[in-house]
Amino acid sequence: MVGMFSKFSKSASVKSVTGAKAASAKPVAGTKATSAKSTGAGKSARTSGTGRSAQVTAPIASEHENPTLSVRNVSRVFKNKTGREVRALDNASLEMKGGEVVAIVGPSGCGKSTLLRMVAGLDFPDEGTLEYCGEPIKGPHYDRGLVFQDAALCDWLTVSENIAFGLKARKVYKGNEHKVTELIERMGLEGFEDSYPYQISGGMASRTALARTFIQNPGLVLLDEPLSALDAFTRANIQDQIVQMHLSTNAMFLLVTHDIEEAVYLSDRIVVMSARPGHIIGEVKIDLPHPRDRVSEEFVAKRREVMEYFEAPRAL
Ligand SMILES: Nc1ncnc2c1ncn2[C@@H]1O[C@H](COP(=O)(O)OP(=O)(O)O)[C@@H](O)[C@H]1O
Ligand SMILES: [Mg+2]
């Protein structure tokens, strides 16, 4: 685990030298799947020549080179059994572009999961519109991958089989078997390929769930408190893997978390939501280079800036 940790932090520190998020700073920008795909050269570029080591360092690239998300004036009202209406989400708007990590923080029950489920295409708004890459979101799609708090792995499948599941369902597993190996390595799951979910730790289950999503090369990764059940060390470790994934792709990451430190550590922007009916009450830009120092003055100042929304009664 320590080896894996240092592998990713090394790469992250390379990034930090180059500064923030200029496309040229992305060490893998030239190997985007989209550009390779359009020329038909993507697969051979990743599988020929230097062999397995090239595959391991190859990017997990987005299918869309420049994905976008547009959530406009979205509201969602639920009816409970007695017919009483619960306005879960009220007039929420959010724009995202490729390469961005946005964290949503807000009190429990303010509609964060509801918003993510709508972006995932698992639920639909009563008012407003949601568009992904300029198209209305009409249902789930592998290009918008959702990772839940509960890893929700298939109990009857091994770690490898869980990771490969989506590719097999899409009938694109053949020829892409190396991606499973690559992700097992990136996520530090070596030696547990053939284990079943009941035989692995919570941290490994989370890493398997992330790998199962990343293998689809999503343009948008939706993370709904995926690390909240983990111990602090495991969480920090997986956060670094998420940073690494973020720095090596142009995918968008939309993260729901109740952990403000996690939000500051991972994201470019933090969207703050009010208590139910949830609406967006503010946004905090986190323009600190990666890897971030959790105890630096700048980091603590950002945490404080977010906390102020919850401490000042008028803000809620
Ligand atoms: N399918 C549903 N039916 C009825 N009420 C729901 C449903 N889903 C969510 N809600 C309600 O909507 C509100 C927001 O829920 P949720 O999006 O899960 O909040 P959060 O993720 O911010 O904690 C809560 O009051 C919740 O009980
Ligand atoms: Mg939730």
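These legends describe close-up views of a predicted model. Local features need pLDDT of at least 70, side-chain atom pairs count only at pLDDT 80 or more, and totals for chains, interfaces and linings use all residues. Residues are numbered from 1 along each chain as its sequence is written, with chains lettered from A and ligands numbered from 1 in the order in which they are written.

**View 1. The four-stranded open sheet has the order 2-1-4-5 with antiparallel pairing.** Strands are DSSP runs (E, at least two residues) and helices are DSSP runs (H or I, at least four), numbered from the N terminus; two strands pair if DSSP finds at least two bridges between them. Strand 2 (85-97) and strand 5 (135-136) are the edge strands, each pairing on one side only. Five bridges join strand 1 (residues 68-79) to strand 4 (residues 127-132) in the antiparallel sense. Opposite Glu-131 in strand 4 stands Ser-70.

**View 2. Residues around ligand 1 (C-beta atom, placed from the backbone, within 6 Å) include Phe-78, Asn-80, Lys-112 and Arg-276.** Helix 5 gives the largest share of this shell, three residues. Strand 2 and helix 5 each supply at least two.

**View 3. Helix 7 (residues 177-186) has buried residues Lys-179, Val-180, Glu-182, Leu-183, Ile-184 and Arg-186.** A residue is buried if 20 or more other C-beta atoms, placed from the backbone, lie within 10 Å of its own. Just after helix 7, Gly-188 takes a positive phi of about 65°.

Terms used
A residue is buried if 20 or more other C-beta atoms lie within 10 Å of its own, exposed if 12 or fewer, and partly exposed in between; C-beta atoms are placed from the backbone.
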